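This report covers a multi-chain protein model. The sequence and coordinates come first, and the description follows.

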Protein chains: 4
Amino acid sequence: MPYRTDLAAESAQALEDRRLPGLKRRSERCGQLEIDTVNITDDETARLTGKPPGEYITFSAPPFYTGKEITEEEICAIAGRIAAMLPQEGLVLVAGLGNNDITPDAIGPRTARQVLATRHISSELKAQAGLENLRAVAVLAPGVLGQTGIETSEIIHAVTQDIKPCAVIAVDALAARSASRLGCTVQVANTGISPGSGVMNHRKELSTQTLGVPVVSIGVPTVVDAATLAGDLLSGDSESEEIRALFEPQGQKMMITPREIDNLISHACKILSLSINKALQPDLTLEEIGQLV
Amino acid sequence: MPYRTDLAAESAQALEDRRLPGLKRRSERCGQLEIDTVNITDDETARLTGKPPGEYITFSAPPFYTGKEITEEEICAIAGRIAAMLPQEGLVLVAGLGNNDITPDAIGPRTARQVLATRHISSELKAQAGLENLRAVAVLAPGVLGQTGIETSEIIHAVTQDIKPCAVIAVDALAARSASRLGCTVQVANTGISPGSGVMNHRKELSTQTLGVPVVSIGVPTVVDAATLAGDLLSGDSESEEIRALFEPQGQKMMITPREIDNLISHACKILSLSINKALQPDLTLEEIGQLV
Amino acid sequence: MPYRTDLAAESAQALEDRRLPGLKRRSERCGQLEIDTVNITDDETARLTGKPPGEYITFSAPPFYTGKEITEEEICAIAGRIAAMLPQEGLVLVAGLGNNDITPDAIGPRTARQVLATRHISSELKAQAGLENLRAVAVLAPGVLGQTGIETSEIIHAVTQDIKPCAVIAVDALAARSASRLGCTVQVANTGISPGSGVMNHRKELSTQTLGVPVVSIGVPTVVDAATLAGDLLSGDSESEEIRALFEPQGQKMMITPREIDNLISHACKILSLSINKALQPDLTLEEIGQLV
Amino acid sequence: MPYRTDLAAESAQALEDRRLPGLKRRSERCGQLEIDTVNITDDETARLTGKPPGEYITFSAPPFYTGKEITEEEICAIAGRIAAMLPQEGLVLVAGLGNNDITPDAIGPRTARQVLATRHISSELKAQAGLENLRAVAVLAPGVLGQTGIETSEIIHAVTQDIKPCAVIAVDALAARSASRLGCTVQVANTGISPGSGVMNHRKELSTQTLGVPVVSIGVPTVVDAATLAGDLLSGDSESEEIRALFEPQGQKMMITPREIDNLISHACKILSLSINKALQPDLTLEEIGQLV
């Protein structure tokens, strides 16, 4: 794996000529969205791509930060794929991973803030509001290890044991290889979160193995890892050392990101929260969701 | 109890003439701080004050929002009383209660953000940094029921079961009777959090009974409940109805708060986090704490 | 004037029985909005109400903070009244008054942030985007005296001299008498801003007299001045002193405000910015405005 | 000029072998700070460096984001150089340039927020507080063209005409060539702000020529322009096109920045505001400044 990316679509693309039997891809469109489904079906392909076996769906839109609004049809396409990975009923726990105080890592907590929590609403209240079908949802943005002293996965695990959801949705910021994907790609996967993924690169595993229930991971790439890019550019070059120092001065992790990172993040969180809310509450329109959040 | 206050000192004051045997008070000073210790020792007094039996220490400073800095000596006085309520060693979980998005309710989460989390730091790292004595601390700001769908007490309970701290510190915004106490009073109690306390008035119990370990609650009053004040003013008055409507229009909860509420909150969070950090890490100076957070 | 309010509708109501010839009121409805127009036409009435002669339109909605969305028709009603107070064409300067760091005073700067600035867009660019009719708008949120050392009115004056708008819109947070009006009333007036109005109570005059062009002031009440309320309650009462101290401890200004002040403010800013944008760009739909801001 | 940098020290370094007579450099140390003074004294050197003639002082510290505190001695060294570029007395206007809503561009407005505004404080009040020598300072963070529709330079010009300061300090975020300088270099220059500098790359000139008074510019580099870096790496390479696309996808400006950009910005703003406050109020200690801001 010559560079780091959290997007299975990018890993798959790099292995395209090798025609691996354990790697299946297919493409569709919905409005302006390109929908690319990657299935990794054997361990050898998992090793080569650095991604556990499972299904990875990538939605590529025109850049989010152009101000162009995503349509209701497109949100529903993303919501449909998320819903298809979840049990049809039962409590779902939505976990926003990452550090709210570091903008490119804040996709998880800021999306979580806009997901409709409903677990505490009594059937009477639901009936009064004409929302009998509201699915039970719990939402948590537990913070990162440096803030809490507790692994995020440990907190999610403890709460999962306690409230017993039928599935977990984990939302996270991702790293991509190509800057053209930043803020305009959504990846939905049924494989949970692997160690070493995420923008800040220190996630612990969240998966069916560790939590005992299906874990759907949803993310948007917000940065290109600069060291990855440097490695990408500098294959065996003799000037490498000097250039590498540009990218990783004094051991500091550098990233490549659009100048309008703040807009990108808030736009991406809106797309993700709308998609998740619609996946969990299919009877509500986007407008109704907007009024309830 | 003619009005609602979370401060035992105010409840005790209102009962002063009754010379209750189950109510003990004593006063000291430290610098500009007036330190008022209330002990509630029997159930009758608990009923009359609306506060469970235990020790309540109130630190009254000149208003926080004058910009006058609290001294190191005063912080240490608060820290000392907090430390005295905790086991001498072992992991402590600090829980910031309340809603970060509602300014007067944000004392808990914003204080938590400035408490030094250390549970994840290995002994090797501590030794390297010359901080062998660093006490293990975990920090959580789980959000409120409306955001998460999970009772705060439930999340704290689940995490407590998992990480097994020897004690919990619960930080919360309080309601006072007197506006002159807003932002300039700190209450430390060994009784945990009672149902119905807190600014937003919907906390569930956090106590030794529910968590199985000592719970120290620490708070600063940020609002006067307007309905309380109205009730206070309007004993049997015939104009009551009209005036009550001023205070609680259309069922909306009103509060009385200083105009500089944002400054008050950030100042109070600084005082609380310094005091908690110093209580938990007595070997560090305030300056060292400032550099580590 | 027995109490302080920035709302002419409240001042007028208090003087209702006096049937002043210089005070005219009329009421209409639009959807859920009650529209109350007060005209103050002579100096005696101005003195009695504490409001300069002119037209004051009050839009009263169900509380903003219920989450109920205001309709496009209602926004257009507010926008229409604003537009009617402005010259039909020419550059307009929108000034957001108040302190962004103090939540109840932040209506002005936060609304300004959502007003579409267009003065710098060239005719070529407008033509390319099919927006030939875009009216030229400049937007300024200059900060308050304590932050800048310069009176807000002085900054607005200097910029007005320089860019020569045909009118100024001044957006500000207001104080009301009745808590039931907080966040759910919009006042639009053609009289500019008077000294002593505004939440923080230290505005200097912004008016045709001082700026040389029409000044439309637009505001939402966010607080009830606690001293006003106290004065209101305590006419000649012997217990006054003690109670007054509850409201204004140590000279600190207290206010009464809903607990959900943060929601109230963000909702009010959305209403105001939509109304102003629609008043200035009548050819755009609300949806188009939303995409451009 | 093969790449874009706002730092004269980087431009000078690139021209070192050419021994230009119009380029003078000297180095000193103060504590951990390396102080590098570049004087550009003729037009030919100005053309080659892309920097107008004048003095540029660069303070290079160990990375700001390590948490290591800058010392009082080091702040005083920066403050001394700023003070030396200003008239000894008279009103100074501090202008925070850039967009507060875009983190890497927010150095100017966030620093301005922490600069002590004093112009409005009367002599009586100063005397009462024992601060007779407080220098008059006005502070403005006018926002950027896209927010206001008015060139920043135009607003500064209008206010300068009005309040007639004896000098202007312009604070801005800069772009550097080397990522190792991000957040840990301060540049102070007596040449004002040139068109095309600044992170967002669209500043208009602020200088003695345009404002009629000395303009001291102070900045910290927060980004490396990715296109600059790409150009730097890809001299005549045949693979250039593909790689350039990585850096500037779909025309979006990319930047390279540390992951901890939010920490970097808040740390840099603290350094800058302390230095500016100390330069303007030399009689106050840093502690006193901290209590007044």
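## Basis

This is a predicted model, in which local features need pLDDT of at least 70 and side-chain atom pairs count only at pLDDT 80 or more, while totals for chains, interfaces and linings use all residues. Residues are numbered from 1 along each chain as its sequence is written, chains are lettered from A and ligands numbered from 1 in the order in which they are written, and side-chain values use heavy atoms, with hydrogens and water left out.

## Chain A overall

Chain A contains 12 helices and nine strands; helices (H or I, at least four residues) and strands (E, at least two) are DSSP runs numbered from the N terminus. Of the 293 residues in chain A, 60% are buried. Buried means under 20% relative accessible area, exposed means over 50%, and partly exposed lies in between (1.4 Å probe, protein chains only).

Contact means heavy atoms within 4.5 Å. Among the contacts in chain A with a separation of 6 or more, 72% are between residues 24 or more positions apart.

## Helix H3 in chains A and D

Helix H3 of chain A covers residues 72-84, and its 13 residues should span 18 Å at 1.5 Å a residue; the end C-alpha atoms are 18 Å apart, which agrees. The expected span is 1.5 Å times one less than the number of residues. The buried residues of H3(A) include Glu74(A), Ile75(A), Ala77(A), Ile78(A), Ala79(A) and Ile82(A).

For H3(D), the 13 residues should likewise span 18 Å, and the end C-alpha atoms are 18 Å apart, in agreement. Buried residues in H3(D) include Glu74(D), Ile75(D), Ala77(D), Ile78(D), Ala79(D) and Ile82(D). An α-helix has 3.6 residues a turn, so residues three or four places apart point the same way.

## A buried residue in chain B

Ile218(B) is part of strand E8 (residues 215-225) of chain B. Its relative accessibility is 2%, so Ile218(B) counts as buried. Leaving out residues up to four places away in sequence, Ile218(B) touches Ile82(B), Ile169(B), Ala170(B), Val171(B), Asp172(B), Val186(B), Gln187(B), Val188(B), Leu272(B) and Ile276(B).

Leu174(B) is 44 residues from Ile218(B) along the chain, and the C-alpha atoms of the two are separated by 9.3 Å.

## Salt bridges within chains

Over all chains, the structure has 36 salt bridges, each being a side-chain nitrogen of Lys or Arg within 4 Å of a carboxyl oxygen of Asp or Glu. One of them joins the side chains of Asp36(A) and Arg25(A), at 2.6 Å from N to O. The pair links distant parts of the chain, with Asp36(A) in strand E2 (residues 33-40) and Arg25(A) in strand E1 (residues 23-30), 11 residues apart. Asp36(A) is buried at 9% relative accessibility, whereas Arg25(A) is partly exposed at 33%.

In chain B, the side chains of Lys204(B) and Glu151(B) form a salt bridge of 3.3 Å, N to O. Lys204(B) sits in the loop between strand E7 (185-189) and helix H8 (208-211), and Glu151(B) in the loop between helix H6 (145-148) and helix H7 (152-163), so the pair ties together parts that are 53 residues apart in sequence. Lys204(B) is partly exposed at 46%, and Glu151(B) is buried at 19%. In chain D, Glu28(D) and Arg81(D) meet in a salt bridge of 3.3 Å, N to O. Glu28(D) belongs to strand E1 (residues 23-30) and Arg81(D) to helix H3 (residues 72-84), 53 residues apart. Glu28(D) is partly exposed, with a relative accessible area of 31%. Back in chain A, salt bridges that share partners join Glu16(A), Arg25(A) and Asp36(A) into one network.

## Interface of chains A and B

In this interface, 22 residues of chain A are in contact with 22 residues of chain B. The two chains bury about 1800 Å² between them, 54% of it on carbon and sulfur atoms; buried area is the accessible area (1.4 Å probe) that two parts lose on being put together, summed over both. His120(A), Gly149(A) and Ile150(A) lose the most area on the side of chain A, together 22% of what that side buries.

Four salt bridges are counted between chain A and chain B. Asp101(B) forms a salt bridge with Arg113(A), with the closest N and O atoms 3.7 Å apart.
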